[in-house]
Amino acid sequence: MPYVEGFGTWPFGEEWLWEAIATSYVPLLDVLGRAPITLSLTPVLCDQLEAPGVIERCVQFLEELRPESHRLDIETFRGGGQEALAVELERSAAEYASAAHRLRELPGGLLGELGSHASWTSSATHAVLPMLATDTGIALQVQTGVASHRRRFGEWEGGFWLPECGYAPSLDEVLEEAGVRSTCVELTGLFGPGDARHLRPLVTEAGPVLWPVDREAMALVWSDRGYPAAGAYRDYHSRTAHDHRVWRNDRQPYDHAAAGALAAADAQDFVARVRERIRDGGVCVCALDTELLGHWWYEGVRWLAAVVDEAARQGVELTTLDDAIERHEPVPAPAELGVTSWGEAGDLRTWSAPAVGDLAWSARAAELRAVALGRRPGDRALRELLALQASDWAFLATYALAGDYPRQRAQGHAAAFDRAFPDGSMTPELRNLAPELAGWMG
C-alpha cells in the first residue's frame, strides 16, 4: 500500500487504505492466528496505520460514508425491481458496519494486532531495490525498513520481503550488512515452471538465503485463469454508481453462499495440488500480496481459511519461512543468478520500460544528487526521495490502474525533493513517512 495518507480521497488516495483495512486487514486477523503463515508488513503501510487520526478517519468512512452510499444504491436497485442486488447491498453494508465496530474494539489497535503476526519487514517505501542507483540508496531503504520493524515490533529474525521480488546478486552484501537472513526471489525464468529446484532454499556467498517462490502454485491463485476469475466469484471491476460490487464475474447477481462453497472447493483443489507438488519433499512457497485476499479477491480470506483447514485434513504441513530455514539445509545459489522480479517477463521492465522510463530516471537522478552531496541531506529531502522511489507509481502507470494519480504523485515528490534539497524541515505532506531514517553513509 503506497503512502496515500493525506494524498487524495476518491477515486484514488486514502480510500484505498480504508477499503483495504475493512476488506482485507481486519478479516485476515481471524486467519493469521490459526496457522503458521509468514506475514510481512511493509514499513510504509505501518507508517500510515500509525499516523495520528488515521484509524479515526477510517472508522468515520465506514460509519458515515459507506452506509449512505449503500442506501443510495439500495434505493436505486429496489426502485428498479432488482431486489437481489438490493439484498446483496444490505449484506455488504452489514459487513462494513461490522468492520468498523471491530476496528474500534481491537485491544491492541490494528497495527498492534497485525504486528503480533508479522515476522518479516521490507524496504522503507516498497522500492524495487535493483532499480536504485547506489548502495547508499539501497541501504537507506533496507536499514530504514529494518529499523521501523524493530522499533514497532521488537524481535526480528532477519526475514525481508524484496518488493516485487526484485533481486540482483549485487544486493546480497547490503542485505547481509542490514541483518537480512532470508528473502524470496522469482526464478521461474531461470529454472522453468514446475522445476524441483523451486522447492529448496539457496544460500548466497554473502550469506542471505533465497527462497524461490513457486510460480506453479501461485498461478493457481494469481493469474488470468486463477481461482478468482471463476464466474461465481464477485467481480472487482464492475461497480455500482456509488462504488459497490454486486455482480459476479459472469455478470449475474452476486450469490454469497455460492461463492463461499466455491472458495471451499478451490481450497481443497489447491491443497491437493500442493501436496502432489511436494510429494518428494521440499518447501512450496506461495507468496501473495496481502491485499489480494479480501480486497481484490473478495472471497480470498475465506479461501485462505479453508486452505488452513484443508491442509490439516490432507496432511500438508504449513510452516513459516523462519521455521523452515531451520529444517531445510540451503544449497549454494547458482552462479548464473541475475536480475529478476515477478513483474512482466521476470525482469524490471514493469518499472523501467520506455512508457515509465521518466519515472525511473527521476528517482535515480534525485538519489545521485543526494549521494553526491557528500553529507547526509535533510530529513525532509530523504523522505521525499524515499516516497519518489516507491514501486507503486511506475506499476500503476504501466497498467493504467489509477489515471494520472501515480504520475502526479511521482512528480510531486520529485518537486518537493528539489525544494527540500539539501536541507529543509518536515512539513505535513509527509507527516508520518519513515519516522526512522537509517543507513545513510554520507
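Let's start with a charge on a ring: the charged end of arginine 239 sits over the ring of tyrosine 236, 4.9 Å from its centre. Keep in mind that this is a predicted model.

Now for rings meeting rings. A pair of aromatic rings is described by the distance of the centres and the angle of the planes. The count here comes to 16 aromatic pairs. Take phenylalanine 77 and tryptophan 247: their planes stand at 85 degrees, over the 60 degrees needed, so this pair is edge-to-face. The two come from distant parts of the chain, 170 residues apart. Phenylalanine 77 belongs to helix α3 (residues 54-79), while tryptophan 247 is in the loop between α9 (215-221) and α10 (256-277). Both phenylalanine 77 and tryptophan 247 are buried.

Phenylalanine 395 and tyrosine 399 make a tilted pair, because their planes are at 55 degrees. Phenylalanine 395 counts as partly exposed because its relative accessibility is 30%, and tyrosine 399 counts as partly exposed at 37%.

Here are the two ring pairs side by side:

| Pair | Centre distance | Plane angle | Type |
|---|---|---|---|
| Phenylalanine 77 and tryptophan 247 | 6.1 Å | 85 degrees | edge-to-face |
| Phenylalanine 395 and tyrosine 399 | 5.0 Å | 55 degrees | tilted |

Ring pairs can also join up into a group. Tyr227, Tyr233, Phe270, Trp297 and Trp303 are linked into a cluster this way.

Terms used:
Residues numbered from 1 in each chain as written. Predicted model: local features only at pLDDT ≥ 70, side-chain atom pairs only at ≥ 80, totals over all residues. Heavy atoms only, no water. Phe/Tyr/Trp six-rings, centres within 6.5 Å; stacked < 30°, edge-to-face > 60°. Helix = DSSP H or I, 4+ residues; strand = E, 2+ residues; numbered from the N terminus. Buried < 20%, exposed > 50% of the residue type's maximum accessible area, 1.4 Å probe, protein only. Lys NZ or Arg CZ within 6 Å of the ring centre and 35° of its normal.
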